[in-house]
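Welcome! Have a look at the sequence and the structure, then work through the steps.

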Amino acid sequence: MTDGNPGQLTVAITRDTTLDWMNRFAAEMSEHRQELVALDTAIGDGDHGTNMNRGMTKAIERLGAAEQPDVGAVLKTVAMALVSTVGGAAGPLYGTLFLQMGNALAGQETVDLATYAGAWRKGLEGVQARGKAQPQDKTMVDALIPAVDALEGASDLDGGLRAAAQAAQEGMTATTPLVARKGRASYLGERSAGHQDPGATSTYYLFESAVEAFAG
Amino acid sequence: MKKLINAPDAVLQDELHGIEAAHGDRVRVSYDPAYIVRIDAPVQGKVGIISGGGSGHEPMHGGYVGPGMLDAACPGEVFTSPTPDQMIEATKAVNGGAGVVHVVKNYTGDVMNFDMAAEMGRGEDIEVETVLTNDDVAVEDSLYTAGRRGVGVTVLVEKICGGAAEDRKSLKEVADLGRRVNANGRSMGMALTPCITPASGNPSFELGDDEVEIGIGIHGEPGRFREKIGPASQIAERLMTPILEDLPFNSGDRVLAFVNGMGGTPLIELYIMYNEVAKIAQERGLTIERNLIGNYITSLEMQGCSITLLKLDDEMVRYWDAPVNTPALRWGV
């Protein structure tokens, strides 16, 4: 709950605010569908925005269809919806991210900064194990790593979320000059440079939605 | 964008209904999760073979479901890998007690989804062997790329493994044969025009009226280079040289030559290309013992072609010639 003091706007991470986070992320995927399609058309196969929008639409449908007892349950429901509806590389990668986070937060009704950051770390490790991407490969990992680092280095949730979103944005922007070494963009070799990575972009929106949902 | 569709979001479902309407006597269609399966599956005692991948490459893979080839196919959205739940259900549907082969084209999404299916499917007590196809010489194979793409050889793997499975070869024998076909096959493609996915509505890349893209992938991924269009003989040379040098193919080798259309190329042009391929093969001392010419692994309405050469051995020839009865490939029945 907000207490009304400037700089102290943090909303607790609970089941309800996590649902709000997912609703906001779904809205971002719908709103930015064409942007993600355009980014993916430049260096991939042009389906990222469409697939993420389809997956998050299904996730919100499933969240509404069954009682979600805790934070972990919300994230696991999203994970399974993405795995079974997105396809491509984004389905297994985002599915693994949310599944690992959901497992880390299983049974939790309220989550503090350290626990939340720890769940992101597990999610990041899962994504890297699944996709084998390293930093600078021009993937979602380039937004995830600095954002998770920022969360872990923060002293309060509000500041941590804002720092994470900013770090994700910087990581996303920094993918532009990189030559892709993973995924379909890697087939382009040098020609993949000069384009922002669509996966890093959707990851930035995930952190941006977290600020909106949890930091008021 | 002009396409014969009802709505971009309905493309896959509408196509599946069409397949069921046309071929319901021999295949069954599951809509959720989406897969196409032989009507007599599971065939007891036979190794089951499934494949899957994004749609837009028709007739691959759904058109190859039937006796002598695939037991099931899992179609994804256009150019998007299918999902693990499809693969798990299809695997269960075709398991006749002898195990199941997954034929997977080497794309990041396909590989990850089939991996997840294998992990999530553990506990179903079905033995699964994966055959990965990665025959596209246009892509540099290194630690710093996603590796070579699976293209034309996939059709040959599915046919030859299908023949071996009908002959009641074991799971390991079928999978090893599939891996041998992949290891001895090389492909390269080219495009005269881009293609348009229904979801994006825009061309996948820009190509001048007088330009061709050499080394194109089946999702419109740009290739090695582009150049001004030349005669068919020159284009055949551009594709055949990297293929021949890569394996390498040597004088005296017996080969299967597969000239594939990307979807929008008329057969007349594919035969012109085949003639050029045959001339080059003859110059190099290769014997073309079998051939396949037509649109078998496509890229929507893209104009262009790919060439696949497979170095044959007796077992491959035997199972290539074996009867096959699918909507898209049919002989010996």
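**Exercise 1.** Find which residues Gly56(B) touches, leaving out those up to four places away in sequence.

Solution. This is a predicted model. Gly56(B) touches Val78(B), Phe79(B), Thr197(B), Ser299(B) and Leu300(B), once residues up to four places away in sequence are set aside.

**Exercise 2.** Decide whether Gly56(B) is buried or exposed.

Solution. A residue is buried if 20 or more other C-beta atoms lie within 10 Å of its own. Gly56(B) has 28 C-beta neighbours inside 10 Å, so Gly56(B) counts as buried. One more step: the C-alpha atom of Gly56(B) is separated by 9.3 Å from that of Gly263(B), a residue 207 places away along the chain.

**Exercise 3.** Check the span of helix α4 (residues 153-166) of chain B against what its residues should give.

Solution. The expected span is 1.5 Å times one less than the number of residues. For the 14 residues of α4(B) this should come to 20 Å, and the end C-alpha atoms are 20 Å apart, so the two agree. Of these 14 residues, 13 are buried, leaving α4(B) mostly covered. Just after α4(B), Arg168(B) takes a positive phi of about 65°.

**Exercise 4.** Describe the contact between chains A and B.

Solution. Chain A brings 25 residues and chain B brings 28 residues. On the side of chain A that touches chain B, α4(A) gives the most, with 3 residues. That side divides into 6 nonpolar, 12 polar and 7 charged residues.

Key. Residues numbered from 1 in each chain as written. Chains lettered and ligands numbered in written order. Predicted model: local features only at pLDDT ≥ 70, side-chain atom pairs only at ≥ 80, totals over all residues. Contact = placed C-beta atoms within 7 Å. Helix = DSSP H or I, 4+ residues; strand = E, 2+ residues; numbered from the N terminus. Nonpolar A, V, L, I, M, F, W, Y, C, P; charged D, E, K, R; others polar. Buried ≥ 20, exposed ≤ 12 C-beta atoms within 10 Å, placed from the backbone.
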